[in-house]
Amino acid sequence: MIEVESLRKIFRGGRGLDGFSLHLESNELVGLVGPNGAGKTTLIKILSTLLPPGSGVARVAGRDVRSDPRGVRASVGYLPDVAGVYQDMRIREFLEFFADAFRLKEPNRSASIERALTRSGLADRPEDFVEHLSLGWKQRLLLAKTLLHDPQVLLLDEPATGLDPLARITLREQLKQLNNEGVAILISSHILSDLEDICTRIVFIAEGKNIAEAPTGAAEGSSTPTIRCETEWEGSASAMDPLLKGMPDIRILEKRDRLLIIELPGGSREASAFLEKLLAAGVVITHFDARGLNLEDRYRRAFGGQTR
Amino acid sequence: MSRLITNPMILKELRQRLRESRAWLLPTLYLLVLAGTVSFAYYAATDPDMGGSRGELQGAEIGEVIFLTVVFTQLVVLLLMAPVFSAGSLTIEKEQRTFAGLLTSLLTAPQIWWGKFVAALLYLLLLLFSALPLLTLALAFGGVEPRELLEAVASTVLVLASISTVGLWCSSMFRRSVHSTAAAYGFVLVLSILTAVVYAFLDAHWESNNIAMRGEGPPAHIQAPLFLNPFYPLLALFGSGGFGQSSYPASSWLLFTALGCLAAAFAMRRIQRSGDQL
């Protein structure tokens, strides 16, 4: 649904995209993660035809953004990071305007507007002015407007910015639902817990390049996932040392007193094997917690202390 | 072509503009200013204490005074208003962060431009036509032909349309309304004052070399800088610019049309490439 190959876009200031590639299928909901200035917004703007690409390939729903921008716009729903609304319009007028802007014809036009009103939860107040809506409701209206023309692809740039927790939960549920209906979604966000909850895959981007890629719930972009084990025990603080010496694959993240946090190659099966070894060696375990790396851990590993 | 007429931008723009309080406030102020000016002109023409004629005054002379006062006053006022309506119309979309929604819809750059242009111009036309009863007063007094009234209105519409396209061009270039409006006012000032200064310089030079031809008025190449002066078409039409027999309103209309077309083309091109301003 989205094909991006060696995409480059350099601005005068230097930031942009530098050979970025991405492939997204119709059943995917992909999160785009990276520090500020990594190129996330530039990528989304190119895919939504707001910016022309410098070089490389960018196709959406089989249409090239350079040679067929109108075709791309017809199949894309784009929600920018800070999207404005026409405050002095009524909710129905706002939706009618965009239905006309997307050239929807009757009876599809009316049906789409009614669907958008229902989808946004504003069906009972279509005559209210947009300015009277809270930020969360405005965001719901904007998403409903973005979906008016039944796009095959949704491009969302920081859609949860400024939303309260309840509005964020609603947005996540809406996106999951849309993805289940077959809409491919590319979402850029700094709220990693949200992405982890809804995305099928995460793409890490920095300085306009692919850094790593990972399915959510699995480890960071390598074929050998890792699992993080936190262990506490009774008795001597050095009781673990002989065991650890015999396990060169593990990575010690933290070790103090009777607490050990390690990273093991593998998944829950390898964590169980590690626990069995400890018990077999007679270590009295008082606490054992094995979890895969969450997105925040993986982000930290991918970007370290890099902030802008 | 039909998309230009059934353009959703026009309805949206008119709806938004007419919901603002200035939708009724501006026409009220505009008509008050015109009415005040006409009253002043009437008394100035008829009252000897105010410098008016001491002899018997013909109705036709009063009609002519009222007519010229109204057409020039409304041109001045509308020239002051045109940049406000046009130069802010695209920048407001950028400031409100709604421009991306337009650019990623199926609206084309010409449709976006056309919607903004028609809305800006229609509002100016509303003001212009609301003053028609004042202009027809002149017809009642006599001294003015209906043809002259039509010419004055058509010429004013053409100049305002051209200035509106320049305002829209400025609006497409800048991100902030305050900057685009300042640029549009700068442009109007250059057209109104700089062209007059250049003309005055050329005319003085020509007159000093052609004393015998003074009565005939300066030739076209001397008047040329004025062709882009917003007041020139009216001055040329009604013989009140001291151009003698040789005035060229048609040349001025052509130049304003060309300026409008050029500004429209530049603005549409800039709208198409506005993604970097968002």
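Is B:A182 buried, partly exposed or exposed? B:A182 is partly exposed, at a relative accessible area of 48%, where buried stands for under 20% relative accessible area, exposed for over 50%, and partly exposed for what lies in between, with a 1.4 Å probe and protein chains only. I will come back to that residue, but let me say at the outset what we are looking at. This is a predicted model, in which local features need pLDDT of at least 70 and side-chain atom pairs count only at pLDDT 80 or more, while totals for chains, interfaces and linings use all residues. Residues are numbered from 1 along each chain as its sequence is written, chains are lettered from A and ligands numbered from 1 in the order in which they are written, and side-chain values use heavy atoms, with hydrogens and water left out.

Chain A contains ten helices and 14 strands, whereas chain B has 13 helices and zero strands; helices here are DSSP runs of H or I with at least four residues, strands are runs of E with at least two, and both are numbered from the N terminus. The C-alpha trace of chain A spans about 75 × 45 × 30 Å along its principal axes, and that of chain B about 65 × 45 × 35 Å. Of the 308 residues of chain A, 49% count as buried, and for the 278 residues of chain B the figure is 48%. Chain A exposes about 13800 Å², with carbon and sulfur atoms supplying 48% of it, while chain B exposes about 12700 Å², with 68% coming from carbon and sulfur atoms; these areas come from the Shrake-Rupley method with a 1.4 Å probe, and for residues only the protein chains shown count as cover.

Now to chain B, and back to B:A182, which has its place in helix α10 of that chain. Its C-alpha lies 8.6 Å from that of B:A87, although 95 residues separate B:A182 and B:A87 in sequence. B:A87 belongs to α4(B), and α4(B) (residues 59-87) packs against α10(B) (residues 177-209) at an angle of about 145°, with the axes 9 Å apart. Axes are lines fitted to C-alpha atoms, for helices over the stretch in contact, and angles run from 0 to 180 degrees between N-to-C directions. The contact (heavy atoms within 4.5 Å) is made by B:L79, B:L80, B:P83, B:V84 and B:A87 on the α4(B) side and by B:S180, B:T181, B:A184, B:Y185 and B:V188 on the α10(B) side. By class, the contact of α4(B) with α10(B) has eight nonpolar, two polar and no charged residues, where Ala, Val, Leu, Ile, Met, Phe, Trp, Tyr, Cys and Pro count as nonpolar, Asp, Glu, Lys and Arg as charged, and the others, Gly among them, as polar.

Turning to chain A, we find an open sheet of four strands in the order β2-β1-β4-β5, with antiparallel pairing, where two strands pair if DSSP finds at least two bridges between them. The edge strands, each pairing on one side only, are β2(A) (16-24) and β5(A) (63-64). Seven bridges link β1(A) with β2(A), five join β1(A) to β4(A), and two connect β4(A) with β5(A). A:R8 stands opposite A:D18 in β2(A) and opposite A:S55 in β4(A). In the hairpin of β1(A) and β2(A), which has five residues between the strands, A:G14 takes a positive phi near 110°.

Leaving aside neighbours within four places in sequence, A:L29 is in contact with residues including A:L175, A:I185, A:I187 and A:I198.
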